[in-house]
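This report describes the packing and sheet arrangement of the model shown below.

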Amino acid sequence: MAKFALRRILQAIPLLLGVAILSFALIQFLPGGPLTLLAHNPHATDAQIKQLAHNLGLDQPGYVQFFHWFGGILHGDWGTSYVDNRPVLTDIGERLPATLLLMGSGLLVSFVLAITIGVLSAVRPYSLFDYGATFFSFFGLSMPVFWFGLMLQLLFAVHLGWLPAADAYDERAGPSFWGGLHHLVLPALTLGITSIAGWSRYLRSSLVDVIRQDYIRTARAKGVTPRRVITVHAMRNALIPLVTVMALDIPGYFTGAVVVETVYSWPGMGRLFFDSLNTRDYPVQLGLLIISAGLIVLGNLIADLVYGYLDPRIKYS
Amino acid sequence: MRRRGKALGATLLSTFLVLSGSGVSGWAGSHAHAAASNSSLLIGSTEEPDTLNPLISGLQVSGDVASAVFDTLINYDTHNTVYPVLATSYTTSADGRTWTFHLRHGVKWADGQPFTSADVAFTYSSIFKKTNKIISTIGWDQIDKLTTPDDFTVVMHLKGIFAPFLSDVGPTDILPKHIFNQPGVDFNKAAFDRKPFGTGPYMVSEWKTGDHITLVPNPYSWRGQPHIKKIIFKIVPNNNTEYVQLRTGDLDTGSVNAAVADEIASSPIQGKRVIVSDANAWYHIDLKQWGFLRETVVRQALDYATPKQALLKGILKGHGQIAYADLDPAFKQFYNPNLPTHPYSLAKAASMLAADGFTKGPGGVLQKNGQPFAIDFWIGSSDDNAQKIAPILKELWGSIGIKVTLHSQSFTTIFAPNGPTYTKNMTGIFYAWFNGNDPDDTTYWASSQIPATPTSAGNNSLAYFYKFSFQKQIDALTAAGTATVDTAKRRAAYFQIQDLLATQAPVIFLFWLPGYTVVPANLHGIAPNPFAHEFYNVADWNLT
């Protein structure tokens, strides 16, 4: 398995290189640039703009800029933000923990709720609960995440006053464990909503198939408790397709974080990406694109590895 | 004059929340905090500074935060009247070319070091140091020689007469020489630039990027200790989140747009009030000098076809004033109250265009010389006003045969070298230009301000393809306005400029925009000022 993992990691290198080239080229095609707004500042002269363009290396041909940037990455230098003049890795590093916390919580919430809803739906198919879960799933899959976020803010923060509307912690009180948890509920739920809806449907249909199998009937016939039949015998097989979907969904959490962090004023990488798009902060944008590409590769790798663990019939070659 | 587009940055959700909230009665707000007190004030902003060294930032928000930290020689109050800050007085020579500033005694930097004229001289030399990424040299570049005869006197000898000198140089933040002169300090990246202190009432104790900037009192402030013990400048990603947090009490203060202000008027936030102030910003539609838009009569017809009064009432809910030219009515010394107007009349517009040779072509679209009259409207995606006004104008102008196509984009895209500013189409772009505290408007109209290329500096991009038909007149008038310090002569020049602009309609002047600031009901001393940065009088703020 280690050999398989290593080979997949090596395969990822040309893939990431391709992503780097493509991202760099696409960003060059974006209308406007880091100095576009400055050109409309009455205080900035032509000479100053040219000097700044020179300082940032923007006056060089695209391929020279690419090699300069990519060479830097290979040496651990991801460049300097055009906006705040700080190293890109400092900017990203500061935001990374908040995003990881949000993504981790979102995944956890999704996992727990999706399994609960999926199992309950599968054991009582076509019951009132199942119909309710089906409705909820279609609702969750079809509504825009930002709208859902706004509705949660409106309901739980503004109208009911149960939960804070935004931020990672209360600015007046300062960071604390319970305060952080309190602030995490709405963004994590918003981030996880699509997955809860999708995963619970996957699990339901997979479990419904599995519990009709002969070995489940056998387990029941020999007197195994219904709970044990589901949790031990049925779940292990039913989870296999779901795990693949889950692992492949992980990068989607990064994309989702862009919207969720913007709605909830969460100081993470998603917001950094959104801001860097607006300011055309190329080095930060590129850094985040590379990281999200890395996440996709990692998600795929995890899917393959976990798949093999759950189903010993699958052999790595 | 300062110039910038309307708030850029986060634009994700537009007015959705406002719409969804309207009609819902009884905002609970049970999560709301207790009444704001002097222990802390949380201020929301959708924009974040890039640096807090005000000399190397082009962002308004950087200047705003810096205004709590640094002092200027003089500043301007809400009536655009000069008041002393670090300079207790100043004199000018009879020929207007020598300015002498007398500095305040006993002022200390927040680390206890004394403030002297050497700091002013250092600020001047920093502005012209080539390696420093200075954004503006305007005003300071008029100085031929700066001398400091003693610790409390600064003398500036000018190269010639430059009327806006005081309004450009006076409100420049003065930096501490002893910090930047330390070995190894890079003016552009100094740690100080992220955690600065000055002679102002506050100093920065923490800046967490993308989250907040904390301001605490400067222990050596010459004004004495400010009332509010901690100010947290909270960066919020979009207007809707800011609005929700103002509702829930997670924010005490924040600027909101007209739609939100209207929502608050119908459903007040407990413990808060809205201050409506003059933003000194003229909202308008840029008409690029291309195609039919080069003809004065065509632009005048479009001006007639724009129902400004109805839009002011319907969209801005009556706040603000109709603009006829580029000087705010608050500028009483220079504002021309007797300008020619083009009152709304679609019939008049249609007959003017018919008289100019336009005829109805296929699909009812006006045409002349075989070319249809089709205009692209470009709207900044964060510009809530234009999102509502543009479709109305499309409908109205369409009814007299002018085909309007709407586009919404970020300002970064609109300003781009390959954006609509430089395409060979007839375009109307919605902008709000924020004026400074001098009537000088060279930057908007003069031929010297026409960008040489789409990537060059220069604000008169309207005349990029073709100069205005009245270019020579406006060049002469803008030059005359800055070449004298005689107020009567300046007034005459700016009266003529306003008359020329109101007649020629190089843009469709719409409104003088109001600014709306939500503040705690018990916050006293705050007075939003279009002529100074946000925290210009923060030492007077008091939550009682």
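## Contacts of Val69(B)

Beyond its neighbours within four places in sequence, Val69(B) touches Leu52(B), Pro196(B), Phe197(B), Gly198(B), Gly200(B), Tyr202(B), Met203(B) and Val204(B); contact requires C-beta atoms, placed from the backbone, within 7 Å. This is a predicted model, in which local features need pLDDT of at least 70, side-chain atom pairs count only at pLDDT 80 or more, and totals for chains, interfaces and linings use all residues. Residues are numbered from 1 along each chain as its sequence is written, and chains are lettered from A and ligands numbered from 1 in the order in which they are written.

## Nonpolar cores

Val69(B), Ala257(A) and Ala323(B) have the most contacts inside the largest nonpolar core, which has 200 residues. Such a core is a set of buried Ala, Val, Leu, Ile, Met, Phe, Trp, Tyr and Cys residues joined through C-beta atoms within 7 Å; buried means 20 or more other C-beta atoms within 10 Å of the residue's own. A second, separate core of 6 residues includes Phe24(A), Tyr82(A), Val83(A) and Tyr282(A).

## A sheet in chain B

Four strands of chain B form an open antiparallel sheet in the order β4-β5-β7-β6; strands are DSSP runs of E, at least two residues, numbered from the N terminus, and two of them pair if DSSP finds at least two bridges between them. At the edges stand β4 (87-92) and β6 (143-150) of chain B, each pairing on one side only.

Strands β5 (residues 98-103) and β7 (residues 153-158) of chain B are joined by 5 bridges, and His102(B) faces Thr153(B) in β7(B).

Notes. A residue is buried if 20 or more other C-beta atoms lie within 10 Å of its own, exposed if 12 or fewer, and partly exposed in between; C-beta atoms are placed from the backbone. Two residues are in contact if their C-beta atoms, placed from the backbone, lie within 7 Å.
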